[in-house]
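The sequence and structure come first.

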Amino acid sequence: IQQDIFGTASDMKEVDTSKKRLVKEAGGMKSLGSLELIGRMILFKPSSMASSPSNHSSIHALVSPFLSRLHDPEVPSSVIGKVKEAMNRVIIGITQNSSASSEEVLPFTYAT
């Protein structure tokens, strides 16, 4: 998923979009939809793994790679936008996740 969002495929899609299309078409990244589906289907229990720092909950495993891209002091604005869109799609999925409760989501959001 990250390769589709940040890798060479993403760069080629951006070039194709800016050069060829006058009318925006429905051709886009399926990986953002995949993030939404994963957010909807995972077991959202971040506090269950808090006692052991070597283990990560499924939400940490999903979100951490995107957040780690923001640690670079000279991160391009295009990467920030892609991370923001990816996180938005994860959030949309979590809002539809039956295992996510406000008692778990709010502390996780604040800590992240």
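## Terms and overall make-up

A helix is here a DSSP run of H or I with at least four residues, and helices are numbered from the N terminus. The model described is a predicted one.

In secondary structure, the protein chain has six helices and zero strands. Its pattern along the sequence is α-α-α-α-α-α. The protein chain has 112 residues, of which 27% are buried; a residue counts as buried when its relative accessible area is under 20%, as exposed when it is over 50%, and as partly exposed in between.

## Helix α5

Helix α5 has 19 residues. From the first C-alpha to the last, α5 reaches 27 Å, close to the 27 Å expected at 1.5 Å a residue. The buried residues of α5 are V79, K82, V83, A86, M87, V90, G93 and I94. Viewed down the axis of α5, these buried residues fall within an arc of 130°, so they line one face of the helix. The other side of α5 carries the exposed residues S77, K84 and T95.

S78 has its place in α5. Its relative accessibility is 42%, so S78 counts as partly exposed. The C-alpha atom of S78 is separated by 9.5 Å from that of F6, although the two residues are 72 residues apart along the chain.

K82 is also found in helix α5. Is K82 buried or exposed? K82 counts as buried because its relative accessibility is 13%, which is under the 20% limit. The side chain of K82 reaches the backbone oxygen of I5 at a distance of 3.4 Å.

## The second largest pocket

The second largest pocket has a volume of about 220 Å³. The elements that give two or more residues to its lining are α4 (58-68), α5 (77-95) and α6 (102-111). Which element gives the most to the lining of the second largest pocket? The answer is α5, with five residues.

In total, 13 residues line the second largest pocket, and those nearest its centre are M87, I91, I94, F108 and T109. By class, the lining has ten nonpolar and three polar residues, and no charged residues. M87 and I94, among the residues nearest the centre of the pocket, are also among the buried residues of α5.

N97 lies in the loop between α5 and α6. Its relative accessible area is 6%, so N97 is buried. A polar atom of the N97 side chain lies 2.8 Å from the backbone nitrogen of S99.

P107 has its place in helix α6. With a relative accessible area of 45%, P107 is partly exposed, as the value lies between the limits of 20% and 50%. The C-alpha atoms of P107 and P46 are separated by 9.3 Å, and the two residues are 61 residues apart along the chain.

## Helix α1

Helix α1 comprises residues 2-6, and Q3 is found in it. Q3 counts as exposed because its relative accessibility is 58%, which is over the 50% limit. How many residues apart in sequence are Q3 and S31? They are 28 residues apart in sequence and 9.2 Å apart in space, C-alpha to C-alpha.

Terms used:
Residues numbered from 1 in each chain as written. Predicted model: local features only at pLDDT ≥ 70, side-chain atom pairs only at ≥ 80, totals over all residues. Heavy atoms only, no water. 1 Å grid on protein atoms, 1.4 Å probe; cavity = no way out; pocket = protein on both sides within 12 Å on 5 of 7 lines; lining within 4 Å. Points joined across faces, edges and corners; volume = space filled by probe spheres on them. Nonpolar A, V, L, I, M, F, W, Y, C, P; charged D, E, K, R; others polar. Buried < 20%, exposed > 50% of the residue type's maximum accessible area, 1.4 Å probe, protein only. Polar contact = N/O pair within 3.5 Å; in protein donor to acceptor, adjacent residues only side chain to side chain. Expected span 1.5 Å × (residues − 1). Arc of directions from axis to C-beta.
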